[in-house]
Each structure stands twice: as structure tokens, then as C-alpha cells.
Amino acid sequence: MAQSVVFWNLFSKTYSKQKISDQKAYEYKLQKTRALMKPTDHVFEFGCGTGSTAIYHAEKVKSIHATDYAKGMIEIANSKLENGGPENVKFQVGTFDSLNLEANSYDMVLGLNILHLIPNMSATIEKIAQITKPGGYFIGSTACLKPTGMYKFKWLFDGLAFLGILPKVYFFSSEELASALEENGFTIIENSTPGSGPEVRFTIAQKNS
Ligand SMILES: C[S@@+](CC[C@H](N)C(=O)[O-])C[C@H]1O[C@@H](n2cnc3c(N)ncnc32)[C@H](O)[C@@H]1O
């Protein structure tokens, strides 16, 4: 974890300049997410990166609390709030463990391109379930790499992460992700692959009331 945070801090400026790799899939996910948002909603985002998605959604909800463990990412996100950015977005450095998050306090939790970068996916889902209100949503975009050809190269991913060239990537299947959500009281509404890569799962799950 410590190595990966160094990676993301160093990479934050480059990341902020990168083009979205699959614009069509990105738009699809934005619109699906927006369709579930209400003006009274309080939204939590973890692994928000440089904050573009939180800023985009801000006008649709009451508040967005967007977080990332890399200070470099949050500095860039905060710079986007200067000169007239939305006032209902708060960016904060932190993780589920370091932030003092209240149980059942968010109508929606966003985890975009992040769950496969955090150790112990099912423990993270448990934390998501704790902070989501009954009837609220988890929306995720996750590389589920376990059954794909990439799994054969896990040793390479691990080696590159060890050298600090890549962040550490954790391997699980889309079935394991769906089971973790269901075991933690969510019903899967959507589990699709809108992008060109079949391994990136777009998940919408609703917490049972
Ligand atoms: C691939 S980027 C995705 C950023 C953004 N969600 C997006 O879709 O563009 C992953 C982000 O997750 C953050 N991250 C990785 N592990 C994390 C953790 N354990 N807790 C919080 N943030 C984390 C990184 O700093 C990075 O900004």
C-alpha cells in the first residue's frame, strides 16, 4: 500500500493530463449514474483521482464527499474547485480506514477504477455497505482480472508493483465481486462490460432496505 501511494502521488500530474481511454464507455457510466441521482443525495467517492467525475455530477446532488489517499491527486482536484467550481464538492485525502465515516450516511457510493487497487476487495465492500443508506447505491467500475489471460501474468504485475513501476493490482473475478456485494446486503442491478475490454465490469448495486 505504501509503495502504491508513492506511485499515485508521483503519477498524479501525468494522470490529470491523460485522455479518457474509452470515451463512449465513460459517457455510458456517467449517464447511468446520473439517472439514479436525486437532488437530496449525499454521495461518497473513494479513489476519486483528480476529481473530474465528482465535479461533473455535483449539479445533480446535494453533496459529494470525494476522497483519495494520494495527496497529489487531491491537490489537483482542489485546484479545479478554484475559480467558480461547485460548492457542494469536498475533496479529502484519506482511506476508508483513516476517514471517520458515519454508518448509513450516503445515498450513493462511487468506486471508479479503484476496487482492484485496494487489498481485500470483500473487506472494502463491507465498508461500503456500512456507510450506504438502505436503498442507496454502490456504483463501481472494476477490472476483474482473475479469469482473464492477464491472471497468468500476475507475477509480472507483482514484480512491476514491487519495483514501483505500476501500482499493486489485486486479482478477483466478476463473480467474486458480485458475491461480495450480495453477501453484504446489496442486490445487483447491473453487471455489464460497456467498454471494449471485457474485464472492466460496470456494477450498479442497491443496498437492501
Ligand atoms: C485508476 S485511478 C482512478 C481515479 C478515478 N476514480 C478515475 O476513475 O479516473 C485510482 C485512484 O485510486 C487511488 N487509490 C488507490 N488505492 C487507494 C486506496 N487504498 N484508498 C484510496 N485511494 C486509493 C489512487 O491514488 C488513484 O487516484
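Me: What makes Ser174, Leu177, Ala180 and Leu181 in helix α7 count as buried?

Reply: Keep in mind that this is a predicted model. To be called buried, a residue needs 20 or more other C-beta atoms within 10 Å of its own. Ser174, Leu177, Ala180 and Leu181, in the helix that runs over residues 174-183, are classed as buried, so each of them meets that cut-off.

Me: How do you know that the buried residues of α7 line one face of the helix?

Reply: Look down the axis of α7: the buried residues fall within an arc of 125°, so they sit along one face. There's a handy rule behind this: an α-helix has 3.6 residues a turn, so residues three or four places apart point the same way.

Me: Which residues of α7 are exposed, and what makes them so?

Reply: Those are Glu175 and Glu183, on the other side of α7.

Me: What covers the buried residues of α7?

Reply: The cover includes α5 (121-131), β5 (132-143), β6 (186-192) and β7 (200-207). Just after α7 you'll also spot Gly185, with a positive phi of about 90°.

Me: Why does the radius of gyration of the protein agree with a compact globule?

Reply: For 209 residues, a compact globule would come out near 17 Å, and the protein has 16 Å, so the two agree. Its C-alpha trace spans about 45 × 40 × 35 Å along the principal axes.

How values were computed
Residues numbered from 1 in each chain as written. Predicted model: local features only at pLDDT ≥ 70, side-chain atom pairs only at ≥ 80, totals over all residues. Rg over C-alpha atoms; globule rule 2.2 N^0.38 Å. Buried ≥ 20, exposed ≤ 12 C-beta atoms within 10 Å, placed from the backbone. Helix = DSSP H or I, 4+ residues; strand = E, 2+ residues; numbered from the N terminus. Arc of directions from axis to C-beta. Contact = placed C-beta atoms within 7 Å.
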